[in-house]
Amino acid sequence: MNYFSDRWHDLLPNLGDLVVAGLTQGAIYALIALGYTLVYGVLQLINFAHSEVFLVGTYASIIVWGWIGYAAGDGNPVPALGTVILLLGAGTIAASLVSGGTAVLIERVAYAPLRRKNAPRLIFLITAIGASVAISELVGELTNRRPWGVPLLVEPKTQFVIDPGMSINPAPVTNLQIGIVLSAIVMWFLLDTFLNRSRFGLGIRAVAQNEDTAALMGVNKDRVIMLTFLLGGLAAGVAATLYNLKIGTISFNIGFLLGLKAFTAAVLGGIGNLRGALVGGLVLGLVENLGAGFFGNKWIDVVAFVILVIVLMFRPTGILGDSLGRARA
Amino acid sequence: MTTLKERYYAVADGVRKAEAGRQKWAQGLRGRWQSIPKPVRLLAGLAGVVLLFALPNIAIPGIPFRTDEIPNGIGFSFVLSTIAIYVLVAVGLNVVVGMAGLLDLGYIGFYAVGAYTVAIFGSPDSIVATKYPWLICVPIAIALTMVSGVILGTPTLRLRGDYLAIVTLGFGEIIRLVAVNLRVTNGQRGIPSVPAPDEAHVDWNVFGWFRIKFDFDLDIFTPMDARPYYWLALVLIIVVILAVRSMERSRVGRSWLAIREDEDAASIMGVESFKFKLWAFAIGAAIGGLSGALFATRNVFVNSGNFNLLLSVMFVAAIVLGGQGNILGVVLGTVIVFYLPERFRFLSTKRELVFGLALIVIMVLRPQGLWPSRRRARELQDRKLEAKEAAAGA
């Protein structure tokens, strides 16, 4: 008993901070999870290489910032607001394009030939692993396996302080944290609108529901699948830029764990469901940070995976549960 | 003007003939092997086994297959013993993945449980410090891994396919992280002085009735020479392969096959799918535990760095590459995946890049693996035909 009350006393004062940190981390999970969930919704395929789609995005935005003249550690002062917006826009666009392109490339090289052969799903997983290893190692070779720094573009400034009173310490919320969470919500909203309102979105939903019928109705299945990968890649690019701003250093091997967490988030929310990816990401970030606050920081990843196992055992369809094909179809 | 239907049949027929022609060569090879009289086949197999045992001492001038013949190469017998241990892992994983068709991506967890059990109960430097001899640790390790297999399997085997893959992936990572963080396993610093298989230092007083005292060290297994470990691993591999093969041909094996090909149909025909899936999991886990125990004593030292998830994924890749379901194919795949990177060390860091690309190319060209089981190959062939016929019909 003593153990738990001690832990509780450790946790309680930091509760506010943990919630804020958890939501921020969760927003990044959510953005990556969108890619997993889109592809899974359409193809029932775990795109194991999606973590590397995210990875190339992080490098792309740093490279573009370098071209514009902002590299890590060159002593540049934090740029003015206009420049920041320009830089963020350029970085996000570059990351999204590179990530989207990589996702489509993976689809064409590693998945499309197998789809034509109607291979079992296990084989897709193996080529996905191959693609994941190859991309991450290629990036490692190109960067000499050294971590890269990120230029300081946004000075974290406290915008407001959440003060819940009682024995909980007041938690400051920075502009960066607000921006990250808002971006995730906006990105989800854009994707959701695209899926539900546009012609292409209709095609995606049709293929997700029943590929053969969709083909009979004149939907080009191959194009829809490529589009799905592209959309997932775009969201991963946004996640990559935000991750750069939040973490500040990147290296060629960050993809694996982050990808696994994002997949956990997608499953947690209900895989194949965009809203589920958002909710799952935020919940995962929140719970794992609270768990880390309770059990100690070194258990943070264990908490995340235990949650995954528990969710799959008791509610394999996730929190929200319905799939892309059936969602408001 | 032919009708659409006629054209469809013509195309489907052509596809079938082309596939049959392509299969002929491999089948011819297999057929020729089968037509050799049995005693000769047995003799040839025996010669192969003898060759395997002699392998650490063989060097052929002109064919530098030994890993210590290249610059910066690692001792050949050490590499061989590592590969042999991994082959044992792969044979165990093949029971789960290849025979029962359950995708287990966290198999390394069982391997880790086996290795840590031996280290914790055997090493004088662990917290427990029971100092059991290796031969006593091994059954404990096997029992514990079987139990952990059942504990993991009971809730998760009701899930299907990909979900199972991800839960097992999570399980493998949890085991590793627990090993990093717990005091018993001592994290990155690890547990040193794991006992060798041929030493025992025991002085037990059993309930005060009688005393068991052993104190010997034959010094056959030493850290200087990895060959005895390689030979021990080979013996274990042969025993395990024989056991698994006979299981494959028994009622249990046929149930696995039925579950793998169509679980619903199997259940309807009265196969207790959950029970047999759990058996596959437990047996696979036990073999994983055994190989972990072997690994711990070969390495003398066990720490959390030995059990990362990528290795687990590599095992699955090795099995699928070699040809899941076929034990010899699996052995071939494992040797390729773990030997080639050692042999081609001069590619240094680029070898993993090459490995990733090779994995894609091979799987795209040969989804059934390099040396598949006949039945598996036929299943895949069927699927391919269906796809082609559907395309031709559309």
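This is a predicted model: local features need pLDDT of at least 70, side-chain atom pairs count only at pLDDT 80 or more; totals for chains, interfaces and linings use all residues.
Local features need pLDDT of at least 70 and side-chain atom pairs count only at pLDDT 80 or more, while totals for chains, interfaces and linings use all residues. Residues are numbered from 1 along each chain as its sequence is written, and chains are lettered from A in the order in which they are written.

**Exercise 1.** Describe the interface of chain B and chain A.

Solution. Start with the contact (heavy atoms within 4.5 Å): 42 residues come from chain B and 45 residues from chain A. Next, take the buried area (accessible area, 1.4 Å probe, that two parts lose on being put together, summed over both). This is about 3900 Å², and carbon and sulfur atoms give 78% of that area.

**Exercise 2.** Characterise the side of chain B that touches chain A.

Solution. First list the helices and strands (DSSP runs: H or I, at least four residues; E, at least two). Those of chain B that give two or more residues are α6 (161-181), α11 (309-322), α13 (350-365) and α14 (374-393). Then sort the residues of this side: 30 are nonpolar (Ala, Val, Leu, Ile, Met, Phe, Trp, Tyr, Cys and Pro), 7 charged (Asp, Glu, Lys and Arg) and 5 polar (the others, Gly among them).

**Exercise 3.** Trace the pairing of β1 and β2 of chain B.

Solution. Strands pair if DSSP finds at least two bridges between them. Here β1 (residues 199-206) and β2 (residues 210-217) of chain B are antiparallel, with 8 bridges. One bridge joins B:Ala200 to B:Phe216. The hairpin has 3 residues between its strands, and B:Phe207 in the turn has a positive phi of about 50°.

Definitions and conventions. Side-chain values use heavy atoms; hydrogens and water are left out.
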